[in-house]
Amino acid sequence: MNSNTGSSKDSTPALSSGSLHGSLDISKTLNRCMPSDAILPNIKIAENGDAVEKDSSCMLPTETTSVSIDACTDVDSSTKVAVDTVIVGRRFHENVELQEGVVITVSRDPQNAKDSDAIKVLYAGSECGQMLGYLPRELAKVLAPLLDAHFVECKGFVVGLPEQQLGDVPIQLTCEKCNNDNETYSDLIHRQSLWERFLGAIRNGNLQRPSSARYQANFNMMITDVMANHTHLSSDIETSFLGSFKSLSNDGQRLFVRIYTRKGPWFRVSSISYREISDVEHAAMELKLAGYIYMLSCTDVPSECEMEEILDVLSVPEMKEILKDLLKVNTSCTRRPELLSTLLSITALPKKILKWTGNCIRTSNMADELLWRVQRLFFLNGDQDLSSFLLVDLGLVKFPDYTCNICHRIFKERNDLLEYEEAIRVAQLMDESLDNDNMEMVSRCADLSENRVCTMPTEEDSNLAESPPSFYSCFSSTWVYSKVLTLGVSVYERERR
């Protein structure tokens, strides 16, 4: 397209950036034009009396044509691309203060031990170029070759500040092709191929800004709702513990929800891999310090009970390899139960098992207990759990819009909740005993329920206008014990007792 293509009369007066796959906003302009989104922070700075002159080149000329990357038929003619992304790795550079709208620049870090394509993000307002973090790995992979060959120049600004102290920082980065009059034809072809690869990655949505996972948002919503509507039921320690979940990093929150909803109890840190969790080991250590998980490292000696559980994380070939290493002979065992029994008989195993498994983690008892309570208070039944959110997220279940007006408290006091939880556990034990045909335990549960019902104080009827609806009674311990007794009666009838 030549420079005379558009004018202020026949051009679209306002341009919205293109949306790729519904989440990544990328705008692209032809020739010398910056994307319209890029000037918004500069306008904000001007209103605050800050230095507009720093980025005066970012202002759009009056007679230009700018188009979405999806709408452009000739992508090779583009010279500038604006990408919405984030700064990651902030925990290593949290001492540098961030401000919305500040100008940033980038620099290659080829000596980085974890990623040879690493690209550092620097604070352009500092003379020494203070480091703010890194660009995401996916973006650095396609951008690093262009920077190494001096084919592009990149600058940008901080779009906003993260909700959490060490969260990813949203930024907009503008990448502009450099002109070199002395480059050969082969250099030109090479530069264009790298640029097309970069644009292809953008178009395919591979550089999408990491966002809060749905399960993470659902979990936070559940905790927030319970803490808002049932705060009188928690002790100060419990309230502080649940409130600390929001202060965890995104990685920490996501890792906890992942292992909380998986069948465990123990998990090998080395085998945990999720695309939305950038650093599992750091997240695990953060959760350990916050009290949300237990961690066993190679220096710890697991107990006998922990040993049986930790062995479940090993595969059959790994068990055979361990036996071969310890006993110095090939084992003939092929079935998992036999291998487990043989391993548990080895006295030296507890001191060495974690050298094979690596660090292992599991949710803490306090987290298990409190979040069991949170789920029951949120759903008010034992049939629903976090999978109910998934049904809504996938569109399999659709609820009508409604307003929930809470007029009565389901549990007036904390003791009411604790008594109800105890009754629920007795009911669960009753069900398990019936499934296992353990009549002795069935009788004990029935006797305990009868004793609880007979000793419960009877509440005098208060003013009917202020009393809660009758269906609230199912959230009392007496109601649960009565159900256990009903099952006990049916068992006694069957046995003619």
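Helix α6 (residues 250-260) has 9 of its 11 residues buried, so the rest of the structure largely encloses it. Here, buried means under 20% relative accessible area, exposed means over 50%, and partly exposed lies in between (1.4 Å probe, protein chains only). Helices (H or I, at least four residues) and strands (E, at least two) are DSSP runs, numbered from the N terminus. The model is predicted: local features need pLDDT of at least 70, side-chain atom pairs count only at pLDDT 80 or more, and totals for chains, interfaces and linings use all residues. Residues are numbered from 1 along each chain as its sequence is written, and side-chain values use heavy atoms, with hydrogens and water left out.

**Helix α6 and its cover**

- The buried residues of α6 are Asp-251, Gly-252, Gln-253, Arg-254, Leu-255, Phe-256, Val-257, Ile-259 and Tyr-260.
- Their cover includes the helices α4 (214-229), α7 (280-290) and α12 (365-379), together with β10 (267-268), β11 (293-296) and β12.
- Leu-255 is in contact (heavy atoms within 4.5 Å) with Ile-272, Ile-277, Val-280, Ala-283, Ala-284 and Leu-287, leaving aside neighbours within four places in sequence.

**Nonpolar core**

- A nonpolar core is a set of buried Ala, Val, Leu, Ile, Met, Phe, Trp, Tyr and Cys residues joined through side-chain atoms within 4.5 Å.
- The largest has 53 residues, and those with the most contacts inside it are Phe-219, Leu-255, Phe-256, Ile-361 and Leu-371.
- Helix α14 (residues 414-435) gives this core its largest share, 7 residues.

**Helix α4**

- The 16 residues of α4 should span 22 Å at 1.5 Å a residue, and the end C-alpha atoms are 23 Å apart, which agrees; the expected span is 1.5 Å times one less than the number of residues.
- Buried in α4 are Gln-216, Asn-218, Phe-219, Asn-220, Met-222, Ile-223 and Val-226.
- The cover of these residues includes α5 (236-243), α6, α12 and α13 (387-393).

**Glu-276**

- Glu-276 is found in the loop between β10 and α7 and, at 22% relative accessibility, counts as partly exposed.
- Its side chain and that of Tyr-215 are joined by a polar contact of 2.4 Å; such a contact is a pair of N or O atoms within 3.5 Å, and within protein one must be able to donate a hydrogen and the other to accept it, while residues adjacent in sequence count only if both atoms are side-chain atoms.
- Glu-276 and Asp-251 are 25 residues apart along the chain, with their C-alpha atoms separated by 7.6 Å.

**Arg-362**

- Arg-362 lies in strand β12 (residues 360-363) and, at 16% relative accessibility, counts as buried.
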